[in-house]
Amino acid sequence: MKISLTRRYRFAASHRLHSAEMSEAENQRVYGKCNNPYGHGHNYVVDVTLGGPVDPATGMITNLGELDPFVEREVIEAFDCKNLNEDVAEFRSVVPTTENVSREIFMRLKGYPGARLERVRIEETGKNSFEFDEASE
Amino acid sequence: MTRITRKVEFSAAHYYHNPNMSAEENRRVFGKCNNPHGHGHNYVLEVTIAGEPDPRTGMVLDLKELKDLLQREVVERMDHRNLNFEVPELEGKIPTCENIAAVIWQLLEPKIAQGKLDRVRLYESSELYAECTADANGAGRGA
């Protein structure tokens, strides 16, 4: 039996889906209303999953007192109430789809010293979600 | 392979304290969860069974059987209890979400009559859950 722990975080951000490698018409066709040049936003929900083992002294895979400030510092401060295209350097050249946002968040968190990062899952809205895990790397 | 999942809820009290640590270290490691008067949660448990549907009944496992099993093994043992003092299976363990989920796995795993226990997901709140899954090789035993 394997064990993991999943903690939920939230941030709100704006973005625009637009690829410099495509024409205006193609961007419009591919991204539809997400290509609106003024941007739009979401309340993102981020589920961060860490793998065992459980420390017998604490009963924990990781101490949330360490995980929460790490995620706050590495992700939430950089993403919350920001424009992903303008304010996050990685998305100046990469389209901030939620596939790419989940990959970027995984990369920012994988150096967490307290436990092994297994998966980042993001709900962009209540109707869609995206996952990036160890095997995706 | 088909998976079926049943959800059940229970409410319980706990606090985190390791008698091998000093009072100061307990406070540092466990923070407000170290309050000796305890606190509580509405736990939400999702139990998933994997298997092939029986061709005669179309069921992996009769959900009524699973419901009764969860009532007997989990709800009656943990609902409206203090997990530090009233659940023998947690004795000597810090009753964290990880340890409670592992105990639930060990209680249920040998008692699944049809199909196999595939996943135990225990939500302490909507923001936190621990999950036990079968090993990749299919072996389910051990913590």
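A polar contact, as I use the term today, is a pair of N or O atoms within 3.5 Å, where within protein one must be able to donate a hydrogen and the other to accept it, and where residues adjacent in sequence count only if both atoms are side-chain atoms. By that rule, the interface of chain B and chain A holds ten residue pairs in polar contact, both residues being at pLDDT 80 or more.

Before I go on, this is a predicted model, in which local features need pLDDT of at least 70 and side-chain atom pairs count only at pLDDT 80 or more, while totals for chains, interfaces and linings use all residues. Residues are numbered from 1 along each chain as its sequence is written, chains are lettered from A and ligands numbered from 1 in the order in which they are written, and side-chain values use heavy atoms, with hydrogens and water left out.

Taking contact as heavy atoms within 4.5 Å, we find 27 residues from chain B and 19 residues from chain A taking part. On the chain B side, these residues comprise 14 nonpolar, eight polar and five charged, where Ala, Val, Leu, Ile, Met, Phe, Trp, Tyr, Cys and Pro count as nonpolar, Asp, Glu, Lys and Arg as charged, and the others, Gly among them, as polar.

Which residue of chain A does B:E127 meet in a salt bridge? The partner is A:R10, with the closest N and O atoms 2.9 Å apart, the term requiring a side-chain nitrogen of Lys or Arg within 4 Å of a carboxyl oxygen of Asp or Glu. Across this interface the rule finds one salt bridge.
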